[in-house]
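Subject: Structure handover

Hello,

I am passing the structure on to you with this message. Please open it first; my notes come after it.

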Amino acid sequence: MSELAMPQTAVATRLPEAQKPADAATHAPPPVLPRLVTSIPGPKSVELFEAEQKLISPGLQRMSLLARIAVASGRGAQLTDVDGNTFVDFIAGVAVASLGHSHPKYIAAIDDQVRKNVVGSFTSPVRLELLQRIAAVTPGNLKKAQLYSGGAEAVEAALRLAKSHTKRFEVLGFWGGFHGKTGGVLPLIGDEFKQGWGPLAPGVHQTPYADCYRCPIALKYPSCGMACVELTKKQLKATTAGSLAAIIAEPMQGTAGNVIPPPEFIPAIREIAKENGALFIADEMITGCGRTGKWFGVEHTGTVPDIMTVGKGLGSGFPVSGLISTDEITQAKPYAKPSSSSSSYGGNALASAAANVTLKTIAEEDLVGNSARMGEWMLHRLRELQERFRFIGDVRGKGLFLGMDLVKDRTTREPLDGKTMEWVYMECLKRGLLAMIYSARVRINPPLTLTRAEAEAGLGVLEEVFGLLAKKLGA
Ligand SMILES: Cc1ncc(COP(=O)(O)O)c(C=O)c1O
């Protein structure tokens, strides 16, 4: 692609010399971004992508199938592909890379640990340090953790623990909820994704989540009087076998589109669990570890759950997850029997080192505060865009957990169609922004290390593409 044929972006530069090396001491990211040197996807990316497609089974995430880029390296909130193009990253591996890419402290800690010991269930200094760090930041009496590798695995373990503690077997989840794809959590998926996988594990019930922009029972907040909470109470009476072990909810729904319920919703759900003799599990896989501008999403409402599940940002890329509960609850058998709550990789020394340095760095560099501050600034900028562009129906956010609904009409709230959204995604990518903007419920979740320059660069691209979208829609 010629220089002239490239999309024009105020913040983009194509000059290789403009990409200064990052300052290793301060971990300052390169100051000028994004940097585009080929058409997108570039020729080397396409070659690798096509070679991989011959060997990898179908079913990769849509964002990678659409983009067809091959990533070579990353720094801060920037990813560079094998052709040398650098993108601002508002995805962060879907809220995984909390420390950003290639944080020097992260590299050093993993390098150090891999030279010492990697495997095993035996006590290690680093696992103890990690558990102490977790206990120092969790709310209430949630001080006992067990570690796993994947998010779904941790949620399944939380369900086993709830069953062990209550000696009951039913679970209530929510429409729009997502807790992973393994057998035990598949029935908790709150949309049509689970179709075709039946028969699903029995004993799982679902009820509407307080997704107020798209109210599942067509009411308006606050005049609804939180009718969804009342519905949950009725549903428990009408549909369960009276053996509820747990209610599980995301404090804010990630996969559904970074949805933020009204502040009274989670406390009300917690109360319903109590009234029914069930445990309340807060799935903090996405909302935990500083993502929402507090250590955990539940803190926005002062709710202390019985069990929290964490993962994703906990290891900043290393597959490590866990559940955290009270001393009393974790004593429950059979969960507490030897070898009953363990796994091959959960909390091994390498996983512990990754999670330990992540939590340590989040604290040392005040990344929870950065998430709150940068998130607030981005929210303000997104609201300004909403004033300019009629197709932005809703903007919401807590910390660096931001969402938008793009609509054909603000009154009907009909979402923009998939084809248009894929076009938006690719136009952003071609200008150097990676964002989950391929569906009408837009999710923005950059690394917690996001700098003002990175945020401005990414939002600059978004603004430019929204200008094009307005023309395309004739809006
Ligand atoms: C809230 C929540 N829980 C659980 C999971 C499952 O995590 P994993 O993909 O690591 O199994 C996800 C993944 O997106 C999630 O968003």
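Predicted model: local features only at pLDDT ≥ 70, side-chain atom pairs only at ≥ 80, totals over all residues.

Overall fold. The protein chain has 13 helices and 14 strands. Along the principal axes, the C-alpha atoms occupy a box of roughly 70 × 60 × 45 Å. Buried residues make up 51% of the 475 in the protein chain. Counting contacts between residues at least 6 apart in sequence, 74% link residues at least 24 apart.

Ligand site. The shell around the ligand has 14 residues, and those that come nearest are Gly150, Gly151, Ala152, Gly180 and Met285. Helix 6, residues 151–166, supplies three residues, the largest share of this shell. Sorted by class, the shell holds seven polar, five nonpolar and two charged residues.

Ser243. This residue sits in the loop that runs between helix 7 (227–239) and strand 7 (244–249). Beyond its neighbours within four places in sequence, Ser243 is in contact with Arg168, Phe169 and Glu170. For Glu170, the C-alpha to C-alpha distance to Ser243 is 5.6 Å, while the two are 73 residues apart in sequence.

Regards

Methods
Residues numbered from 1 in each chain as written. Helix = DSSP H or I, 4+ residues; strand = E, 2+ residues; numbered from the N terminus. Buried ≥ 20, exposed ≤ 12 C-beta atoms within 10 Å, placed from the backbone. Contact = placed C-beta atoms within 7 Å. Near = placed C-beta within 6 Å. Nonpolar A, V, L, I, M, F, W, Y, C, P; charged D, E, K, R; others polar.
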